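Subject: Structure handover

Hello,

Here is the structure I promised to pass on. Please have a look at it first, then read my notes below.

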Amino acid sequence: MLFAIHALDKPGALDVRTANREAHLAYVADFDSKAGGPLLDDDDNMCGSLLIMEFADRAAAEEFSANDPYTKAGLFERVEIRGFKKVMWPS
């Protein structure tokens, strides 16, 4: 099942994101990622993440999120995980 993981960084946490970016990217590479990348603020600074990923169920998506290096570093102010229905998708 597809899930959208929408995470917003804590204010002023760009240094935490930068310090943990390589570990996050390595972690995500081990999973079935369909699309993803950083969210940007009005000044084009990274301020969150949006991932579309395949998981067996919501519990697996939550476990993935809990073990993300960004989460473990305390980067996120809020994380929302929702089921995602593919309607438009690049080929």
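G37 sits in strand β2. Strands here are DSSP runs of E with at least two residues, helices are runs of H or I with at least four, and both are numbered from the N terminus. Before going further, note that this is a predicted model: local features need pLDDT of at least 70, side-chain atom pairs count only at pLDDT 80 or more, and totals for chains, interfaces and linings use all residues. Residues are numbered from 1 along each chain as its sequence is written, and side-chain values use heavy atoms, with hydrogens and water left out.

G37 has a relative accessible area of 28%, so G37 counts as partly exposed. The classes are buried (under 20% relative accessible area), exposed (over 50%) and partly exposed (in between), with a 1.4 Å probe and protein chains only. Leaving out neighbours within four places in sequence, G37 is in contact with G48, S49, L50 and L51. Contact means heavy atoms within 4.5 Å. G37 and A7 are 30 residues apart along the chain, and their C-alpha atoms are separated by 11 Å.

The phi of D44 is near 65 degrees, a positive value in a residue other than glycine. D44 is exposed because its relative accessible area is 59%.

**S49 and R17**

S49 lies in strand β3, which covers residues 46-54. Its relative accessible area is 6%, so S49 is buried. Beyond four places in sequence, S49 touches I5, H6, A7, R17, G37, P38, L39, Y70 and F76.

One of these partners deserves a second look. The side chains of S49 and R17 are joined by a polar contact of 3.0 Å. A polar contact is a pair of N or O atoms within 3.5 Å; within protein, one must be able to donate a hydrogen and the other to accept it, and residues adjacent in sequence count only if both atoms are side-chain atoms.

R17 also meets D9, side chain to side chain, in a salt bridge of 2.8 Å, N to O. A salt bridge is a side-chain nitrogen of Lys or Arg within 4 Å of a carboxyl oxygen of Asp or Glu. Both R17 and D9 are buried.

**The other salt bridges**

How many salt bridges does the structure hold? There are five salt bridges. Side chains of opposite charge can pair when their charged atoms come close.

E62 and R58 form one, at 2.9 Å from N to O. Both lie in helix α2, four residues apart, or about one turn of the helix. E62 is partly exposed because its relative accessible area is 38%. R58, at 39%, also counts as partly exposed.

R82 and E80 form another, with the closest N and O atoms 3.8 Å apart. Shared partners join R78, E80 and R82 into one salt-bridge network. Is R82 buried or exposed? R82 is exposed, at 54% relative accessibility. E80 is at 30%, so E80 counts as partly exposed.

**S65**

S65 is in helix α2. S65 is buried because its relative accessible area is 10%. Not counting residues up to four places away, S65 touches T71, V79 and I81. S65 and E80 are 15 residues apart in sequence, and their C-alpha atoms are 9.7 Å apart in space.

**The cavity**

Rolling a probe the size of a water molecule over the atoms shows where empty space is left. The count comes to one cavity of 30 Å³ or more. A cavity is a set of points, on a 1 Å grid over the protein atoms alone, where a 1.4 Å probe fits but cannot get out; lining residues have an atom within 4 Å of a point. Points are joined across faces, edges and corners, and a volume is the space filled by probe spheres set on them.

The largest cavity has a volume of about 50 Å³. Which residues line the largest cavity? They are I5, A7, H24, S49, L51, F64, S65, D68 and F76. At least two lining residues each come from β1 (2-9), β3 and α2 (58-67).

Best wishes

Definitions and conventions. 1 Å grid on protein atoms, 1.4 Å probe; cavity = no way out; pocket = protein on both sides within 12 Å on 5 of 7 lines; lining within 4 Å.
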